[in-house]
2 protein chains.
Amino acid sequence: MNPLHLSNQLCFPFYSISKEIIKRYQPYLAPLNLTYPQYLVMLVLWEADHVPLSKIGKRLQLDSGTLTPVVKKLIVNGYVEKSRNPDDERQLVIKLTERGQALQEEARDVPAKINDVLGLSAEEYVRYKEMLDDLSVKLGLAEEKETC
Amino acid sequence: MNPLHLSNQLCFPFYSISKEIIKRYQPYLAPLNLTYPQYLVMLVLWEADHVPLSKIGKRLQLDSGTLTPVVKKLIVNGYVEKSRNPDDERQLVIKLTERGQALQEEARDVPAKINDVLGLSAEEYVRYKEMLDDLSVKLGLAEEKETC
DNA sequence: TAAAATTAGATTGTGTACAATATAATTCTA
DNA sequence: TAGAATTATATTGTACACAATCTAATTTTA
């Protein structure tokens, strides 16, 4: 067994599967004027609006160098707006616009469509999800349960 | 169950685990003057040298827009060189330099070190690998067994 | 066999990713 | 409480990713 053989790498399938799934999102996200990272930010905001950028970054494991241009695009597209937290002027608070809230309705079917495209059975989905969540914990990527 | 909740997305853990593992490669690849995509190209060449760019692209699921600059960097760093196939002048044939061949020796421990860093047991590794290979086939990413 | 279609790479443009650095606001601490 | 450390975000520079388009070489086919 040659450890330097591509087929023996654990990372490579994560890398290529991740890219492949993101490509399959594209036909469903493009009509909403969203890229995949932009969609992730919207998911976070649909869960809880009025969130500081730092929190979005922690949730998505993305730093400001990545998030700043992503949020800028969402602002240009009219989905979110930003303001500073008066209690801490460093914090940039991101808030959905009406358009951004309405978009949630338009995105409602995206997860189901992606599941169709991936063609996984319910059991497979659950099995994969468990392993991924498991590995996320092992890698320290899982979120700490927070009360706020 | 809200399908638009981040925790119910299958793609997101692939996306963040992939990025996390690549980050953990960095300390081991940087001394070799390689990024992760550059390392992948070298893995392919260490398996079989003198390969057309198209074949590397098929193997790694990367198009010319991505590979052209990656290979350019490998050339600048002295690891590979390119020439055209005389039988088909469209094909760009990529070949390891002596330096590029020697690099394989320096990279020999990278997979083991990554395994250490990930902290997976042998059983976990096998379990994850099976799941990933399985899903790669389902998504049409697995390579067709070729004779050449 | 000449025009049409295909294939291999390169280029352009947009959008991430992230390390490193900078700046301003806030908190800590001697 | 003033200087030091920390925190939140922005900026810069490098390097992918990929869609779309382009050019040139090869293959197909009418």
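Four residues of domain 1 of chain A are in contact with four residues of domain 2 of chain A, contact being defined as heavy atoms within 4.5 Å. The model is predicted, so that local features need pLDDT of at least 70 and side-chain atom pairs count only at pLDDT 80 or more, while totals for chains, interfaces and linings use all residues. Residues are numbered from 1 along each chain as its sequence is written, chains are lettered from A and ligands numbered from 1 in the order in which they are written, and side-chain values use heavy atoms, with hydrogens and water left out.

Domain 1 covers residues 31-107 of chain A and domain 2 covers 109-142, with bounds taken from an automatic or database domain assignment. Their C-alpha centres lie 24 Å apart. The area buried between the two domains is about 320 Å², and carbon and sulfur atoms give 50% of it; buried area is the accessible area (1.4 Å probe) that two parts lose on being put together, summed over both. On the side of domain 1, Tyr39(A), Gln61(A) and Ala107(A) lose the most area to domain 2, together 87% of what that side buries.

Across this interface the rule finds zero salt bridges (a side-chain nitrogen of Lys or Arg within 4 Å of a carboxyl oxygen of Asp or Glu). Three residue pairs, both residues at pLDDT 80 or more, are in polar contact. A polar contact is a pair of N or O atoms within 3.5 Å; within protein, one must be able to donate a hydrogen and the other to accept it, and residues adjacent in sequence count only if both atoms are side-chain atoms.

DNA strand D has 27 residues around it, of which Tyr15(A), Ser54(A), Ser64(A), Leu92(A) and Lys73(B) come nearest; a residue is near a strand if one of its heavy atoms lies within 4 Å of it. Sugar and phosphate account for 74% of the atoms of DNA strand D that come within 4 Å of the protein. For Leu92(A), a backbone N or O atom lies 2.5 Å from a phosphate oxygen of DNA strand D. In chain B, a polar side-chain atom of Thr35(B) lies 2.8 Å from a phosphate oxygen of DNA strand D.
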